[in-house]
Structures are given as C-alpha cells and as structure tokens.
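The following exercises are to be worked through with the structure at hand. Each task is followed by a solution in steps.

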Amino acid sequence: MVKEFHERMKGPASQKYRTLGSAENIMTQNALYCLPTRNFNSAHFEDAEKVSAETLNERYIAKIIACNSCAMRCEHEAVVHDGPYRGTMARMEYDNIWALGPNCGVSKLDAIVKGAELCNYYGLDALSTGVTVSFVMDCHENGILTHEDLSGIDAHFGNAEALLQLIEKIGKREGIGDILADGVKVAAEKIGKNSAKLAQEIKGLEVTGYDLRCLKTAALGFAVSFRGADHNRSGAYTFDLTGKVDRLKAEKGRGELVKNSEDVYALLDSFIICKNAKGTLYKELADMAKLYTLVTGYEMTPEELSLAGQRINTLARLINVREGSAAKMTHCHGKP
C-alpha cells in the first residue's frame, strides 16, 4: 500500500506541491478577489505577480526537498543570492508569503524571505506574526499608534523595512514588541482606542490567508473551529476555491460539508499524515481504515473511523467549554 501511495504522489493529486508549491495559491486567490490585502482592507493585491509562485521559483528557490520516506517533494527552500538580504534562507509557502507580503502590502520578495527566516530564528509563527504586523500598520495609519509608540518605526503598509523591524521587536519583546508578542487579541486589549476592530482574529487566533467575505464555506469552518481561525481544522476553503459550491452564498448543507471535513482532518492529524498528501487518499475514510488495519492488525471500518473523528472534535469542544472559552459555542458536534 505504501508503494501504491508513492505512485499516487507522482500523479495529479499532488502536482501543485511538487512543482510551484502552495505559493501557486497567491495568483489563484488574487484572481478570485479573495486574497486578504493590507490587513483585510481589500481582497486584491495589485503587485501579486511580484510575490507569485512563478517569481519565487524563478528567482529564489534553490532546492525542493521531501520529508523522510515521502515520495512527494514539496518543501521549497528559498535562498536570496544578492542585495541587502544576501544569504537569507527559508522554506517558503503560500502562508508565509501571504502573511508577510500582501497582507502587509509588501511586494519585495527578498524581504519577505528575510521575514520568514527571522520568524524561524525567533520561533515565531509566520502567519500570526504577519497578521500582527499588519494590525500595527493599520493602527498606525489610523492614528491609533504613533511613531513614538513604535520607537520611530515607520509602520506604513508596504514598508518592508518596518516589517522586519517589527518582527525583531516581537522576537526580542522589545518596546512595542512586548505588547505584540502574544498576538493581536491581547495587543488590542492592551492598546485600547477601539483597536480591536482592526484585530483579525477568531477565538484569539489570527485569521489566515483566506478572505472569508467571499468564501462562505470557509467562513463557517473558521467560525466553528475549536481553535479559532485555523484553515487546517477542516480545509473547508477547498469547497469554495474548487467551485464545488457557490462560494459567495451561505446555503443549507454547508454545515454537513464542514462537519465531515473536520472529522477527516482530525483523523489525518491522528494518523500523522501530512495534509499536503490528503489528495492521495482517493477514498478518504476507506483508505485510512485499510491503512489502520494493516499497521495495527486491528480490523477497522470507515464507519468506526468516522465516529473517532467526531469524538476528537467533540472532546476538543468540551475542553473549550471546561476552560471557559466557549460560552457561546454549540455543545454538540452534529449536523447543524
């Protein structure tokens, strides 16, 4: 079965990841006007081509490597060969390009790679960091944070140097960085001045690179996710982006799509299967049940696996309820 999966990994199910990489989503979502730009002030980045997968691969990708025992190479390693950031190296994906690039109005790809390297160095999540920086830029442009508050950093959208300076401040918890280091929800509470309206977060987790105003299934997935704005809790955005549903409408039946997808994603994590390889599970639950049986020797059915996925999601929600962070959350995980 491993050999079979390796053959599937060489096919169309994983072609994007093996070639241009997840960064291919930049131009796709920009064309659909659902690429969050400048802290979600718009959904289209006029300089998207400068940070596209094509530009990244042509100018910066030095090597595409695979994880141990995986036949699907998808890790795009970028190296900056010249300029002020010469020698910078980082793995680049759609997520960190979007967060440190279009979301901050930054179109200098070498600076974006440098920002990703800094996040790796300081142990910061690039998505949350990028959304936190864009929050600061929005606050600055709206007069909520002054140059003095920012220790002289000119935090305007599009300023690549300010992006890097703010990442450094956050990594070291220096000055404004100490306020920002716990993310936008906590930062907005400390800053006040109605800055919470500019903080892009759900349940305290920064919103990722999908404009939920035009991806209605994704919006529902984000809303009910037990850990907030995490597109990898259900992958519901795929229904919208692939045209399987009308992405501009919230219709009956989306709840079931999100619920079933949540359960499969919980199982993928439990199996420790990479979500980039999800497409190679042609029959999803049936393939996973077969894998489980072969590895453990215990007979497993797709129905039993589905129930296990439901249990995982229900338990996570119960933990939220116990911890007092889910007062408004539905307590059962059934079909809405």
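**Exercise 1.** Determine whether Tyr-121 is buried or exposed in this predicted model, and describe its pairing with Tyr-122.

*Solution.* 
Step 1. The relative accessibility of Tyr-121 is 65%. A residue is called exposed when this value is over 50%, so Tyr-121 counts as exposed.
Step 2. A pair of aromatic rings is described by two quantities, the distance of the centres and the angle of the planes.
Step 3. For Tyr-121 and Tyr-122 the centres are 5.0 Å apart and the planes form an angle of 80°. Planes over 60 degrees apart count as edge-to-face, and the pair of Tyr-121 and Tyr-122 is accordingly edge-to-face.

**Exercise 2.** State how many aromatic pairs there are, and classify the pair of Tyr-94 and Tyr-210.

*Solution.* 
Step 1. Rings pair if their centres lie within 6.5 Å; by this rule there are five aromatic pairs.
Step 2. The ring centres of Tyr-94 and Tyr-210 are separated by 5.9 Å, and their planes stand at 50°, so this pair is tilted.
Step 3. Tyr-94 belongs to helix 5 (residues 94-100), while Tyr-210 lies in the loop between strand 5 (205-206) and helix 11 (216-224); the pair therefore ties together parts that are 116 residues apart in sequence.
Step 4. Tyr-94 and Tyr-210 are both buried. Together with Tyr-237 they form one aromatic cluster.

**Exercise 3.** Find which side chain has a polar atom 2.9 Å from the backbone nitrogen of Tyr-94, and locate that residue.

*Solution.* 
Step 1. The polar atom belongs to the side chain of Ser-22.
Step 2. Ser-22 is part of the loop between helix 2 (15-18) and helix 3 (25-31).
Step 3. Its relative accessibility is 10%, so Ser-22 counts as buried.

**Exercise 4.** Identify the rings over which the charged end of Arg-8 sits.

*Solution.* 
Step 1. One of them is the ring of Phe-5, whose centre is 4.7 Å from the charged end of Arg-8.
Step 2. The charged end of Arg-8 also sits over the ring of Tyr-282, at 4.3 Å from the ring centre.
Step 3. Tyr-282 occupies the loop between helix 13 (254-271) and helix 14 (285-296). With a relative accessible area of 51%, Tyr-282 is exposed.
Step 4. Tyr-282 and Phe-5 are 277 residues apart along the chain, and their C-alpha atoms are separated by 9.9 Å.

**Exercise 5.** State how many salt bridges the structure holds, and examine those of Glu-75, Asp-230 and Glu-323.

*Solution.* 
Step 1. Side chains of opposite charge can pair when their charged atoms come close. The structure holds 22 salt bridges.
Step 2. Glu-75 and Arg-91 are joined by a salt bridge with an N to O distance of 3.2 Å. Glu-75 lies in strand 2 (residues 75-79) and Arg-91 in strand 3 (residues 89-91), so this pair ties together parts that are 16 residues apart in sequence.
Step 3. Glu-75 is buried, at a relative accessible area of 17%, whereas Arg-91 is partly exposed, at 31%.
Step 4. Asp-230 meets Arg-227 in a salt bridge of 2.7 Å, N to O. Here Asp-230 is buried, with a relative accessible area of 9%, and Arg-227 is partly exposed, with 39%.
Step 5. Arg-227 and Asp-230 are linked with Arg-233, Asp-269 and Lys-275 in a network of salt bridges.
Step 6. In the salt bridge of Glu-323 with Arg-322, the closest N and O atoms are 2.9 Å apart. Both Glu-323 and Arg-322 are exposed.

Technical notes: Residues numbered from 1 in each chain as written. Predicted model: local features only at pLDDT ≥ 70, side-chain atom pairs only at ≥ 80, totals over all residues. Heavy atoms only, no water. Phe/Tyr/Trp six-rings, centres within 6.5 Å; stacked < 30°, edge-to-face > 60°. Helix = DSSP H or I, 4+ residues; strand = E, 2+ residues; numbered from the N terminus. Buried < 20%, exposed > 50% of the residue type's maximum accessible area, 1.4 Å probe, protein only. Lys NZ or Arg CZ within 6 Å of the ring centre and 35° of its normal. Polar contact = N/O pair within 3.5 Å; in protein donor to acceptor, adjacent residues only side chain to side chain. Salt bridge = Lys/Arg side-chain N within 4 Å of Asp/Glu carboxyl O.
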